[in-house]
Amino acid sequence: MTALTVAGLTLREAARRRVVWALLVLTVVLLALSGWGFSKLVGLDTDLGTMTSGEARLVASLLLNLIMFGFSLIAAIGTAFLAGPTVAGEVESGQALSILARPVRRSSVLFGKWLGLVAFGCGYVVLAGLAQILVVRTVVGYWPPAPARGLALLAAETIVLLTLALLLSSVVSTMASGIIAVGLFGATWVAGVVGGIGGALGNEGVERVGTVSRVILPTDGLWRGAMNAFQDPIALVQMGPGEGGFPFLSESPLTLAYLAWAVLWIAVVWGLTAVSFQRRDV
Amino acid sequence: MASADAATVRGVIPETELAGLPPSAAVWCSGLRKRYGRQTAVDDVSFAVARGEVLGLLGPNGAGKTSVIKMLLGLVRPDGGEVLLLGRRSSDPRSRRAVGYLPELFRYQPWLTAAEVLDLHVKLSRVDVPAAERRECLALVGLADRAGDRVGGFSKGMQQRLGLAVALVARPELVVLDEPTSALDPLGRVDVRDLVLSLKSRGVAVLLNSHLIGEVERVCDRVVILDKGRVAASGTLAELLGQREVRLRLGTADGRAEDRLRAAGALTRSGDWFTVQLDADDDGVTVPDLVRDLVGLGVRVHAVEPVRISLEERLLAVLRHEEPSHQEVGR
């Protein structure tokens, strides 16, 4: 009950603070630009001649991943900066005092905030992602092999990052929590790309950088799983060996073990946040 | 403090067996301690607020008043000590079911309207308060016509008034007010005073932390003075302020007049000024009767001045260590 009330409050905050409107405008601009860009792909004259529809589908598949990455980045930054003020900001401003003096458990309040952020972040990623997939289908005729799985993994990536932002928000200041969360998200992605290059070059040491970073923070691993669900399977064959170095193609789908690890990671980080928030003087 | 409460703390008597007992104190705390790093903020603070009683918490800045209040409400974890709120351990969120709180740092969701803030707190309190009663609550603090306005546009004084409404909306049995008039104009302060008196008349216990000693003196039944994290003095106002005195300037006072003065209380004389100590529980007729009798004895009464130490003087005396460091007056 408390959790649902707080979740509703969190969603209302996002709506009233015009976060929703800002995201909506940004997304519509991105969708319109991508639709225009994709329309130029078909029949594009290159140095090698006119692009065939098959080639156009391949490029569309790559570009779809690129744009999806853009959405995941927007969702990541959005939720991280929404999660930051959630605990640290409300404690600093004094807003938390009157709420926590009510007959509520702090873990319920925290769960409500998490739930609200999950609904907001996942809702955004799924709706914006679906809109983008439809735009690509309308313009180029490309439909990804597993759109639902891809969108679900994008949503999971958002959940991982906002859970991390919530933990940081319970131990450091508002601004710092957002910056650290987004910084770690970016660093993990770069580490994933570095690992991919290592794999393409056959350097195990460099490849391990990506593997380790994907375990420490599962955002990049989930993102690679999402890419795999969006991309044209022929793309990998056409790109040939060494595609691992390319940041917008993913070699293989996610394993169940990795998904289980991501779920466990979320649970552990959430638990740490709850313990930290429970012990915090407000 | 009832021994039953102490037993509850130790877990000797199950709470179900306490159901038939009279209501426990609104607040009971014992041996509260809190350190922030090397700094001791609160050291061995114990006191109780009875049901329907108004207790004033006084002390200089940094005395630990807000830390004590936050520990009572479970907002700050004490390093030691026990707290019971309305008969329940403060570690149990249900202990705060009928508690209203206006924090010193009052801030409410700026994107909500005043009415929505109250709705939120009613929901969190799990009390069924009809919409009309919520509106009445806003009207009580003078915000009836701002119910639909966003809190972000409120002045500090209006936000503090909203904070009062939040503290009162869920039918509290205990209201904790931490500096409730810090942002209010003189009219607002009078409103708060009337509000506290109205709560008292309805049997709601109030814990009031205020720098405005005059206000505390007007509305509080008892006072706890904190200094450097410890209880420096506590007691009812009459106990804290001691015996009242009356000074009289008399002309032609003879032996019979002095005997009459002594009958009213201990007498000291300085020239034609006579000072009579009155009992703390004086019912207010001693002085008029004394004046009537003196006039009857042919004494010319030039002046009658009540002498009463103010709470402010007493507080300053305690804080300047002109009094014994710790005393529980008359309890």
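Guide: Gladly, and please keep in mind that this is a predicted model. Let us start with a helix: α7 of chain A covers residues 174-201, which makes 28 residues.

Visitor: Over to chain B. Why is strand β9 of chain B called largely enclosed?

Guide: A residue counts as buried if 20 or more other C-beta atoms lie within 10 Å of its own. Six of the six residues of β9 (222-227) in chain B are buried, so the rest of the structure largely encloses this strand.

Visitor: How do you know that both faces of β9(B) are covered?

Guide: In a regular strand, side chains alternate between the two faces of the sheet. On one side of β9(B) sit Arg222(B), Val224(B) and Leu226(B), on the other Val223(B), Ile225(B) and Asp227(B), and all are buried.

Visitor: What makes β3 of chain B and β9(B) a pair?

Guide: Pairing requires at least two bridges. Strand β3 (residues 54-58) of chain B has four bridges to β9(B), and the two run parallel. Leu57(B), for one, stands opposite Val224(B).

Visitor: And which sense does the pairing of β9(B) with β10 of chain B take, parallel or antiparallel?

Guide: Antiparallel, with six bridges between β9(B) and β10 (residues 230-236) of chain B. Here Arg222(B) stands opposite Thr236(B). The two strands form a hairpin with two residues between them, and Lys228(B) in the turn has a positive phi of about 50°.

Visitor: Why are β2 and β5 of chain B called edge strands?

Guide: The open sheet has four strands in the order β2-β1-β4-β5 (chain B), with antiparallel pairing. β2 (39-49) and β5 (88-89) each pair on one side only, and that makes them the edges. Further in, β1 (residues 27-36) and β4 (residues 80-85) of chain B share five bridges, with Trp28(B) opposite Leu84(B). Helix α2 (residues 65-72) of chain B lies across β1, β2 and β4, at about 120° to β1(B).

Visitor: Finally, how many residues does each chain give to the contact?

Guide: Chain A gives 21 residues and chain B gives 24. On the side of chain A, α1 (2-16) and α4 (95-100) are the elements that supply two or more residues. That side divides into eight nonpolar, six polar and seven charged residues.

Key:
Residues are numbered from 1 along each chain as its sequence is written. Chains are lettered from A and ligands numbered from 1 in the order in which they are written. This is a predicted model: local features need pLDDT of at least 70, side-chain atom pairs count only at pLDDT 80 or more; totals for chains, interfaces and linings use all residues. Two residues are in contact if their C-beta atoms, placed from the backbone, lie within 7 Å. Ala, Val, Leu, Ile, Met, Phe, Trp, Tyr, Cys and Pro count as nonpolar, Asp, Glu, Lys and Arg as charged, and the others, Gly among them, as polar. The expected span of a helix is 1.5 Å times one less than its number of residues. A residue is buried if 20 or more other C-beta atoms lie within 10 Å of its own, exposed if 12 or fewer, and partly exposed in between; C-beta atoms are placed from the backbone. Axes are lines fitted to C-alpha atoms, for helices over the stretch in contact, and angles run from 0 to 180 degrees between N-to-C directions.
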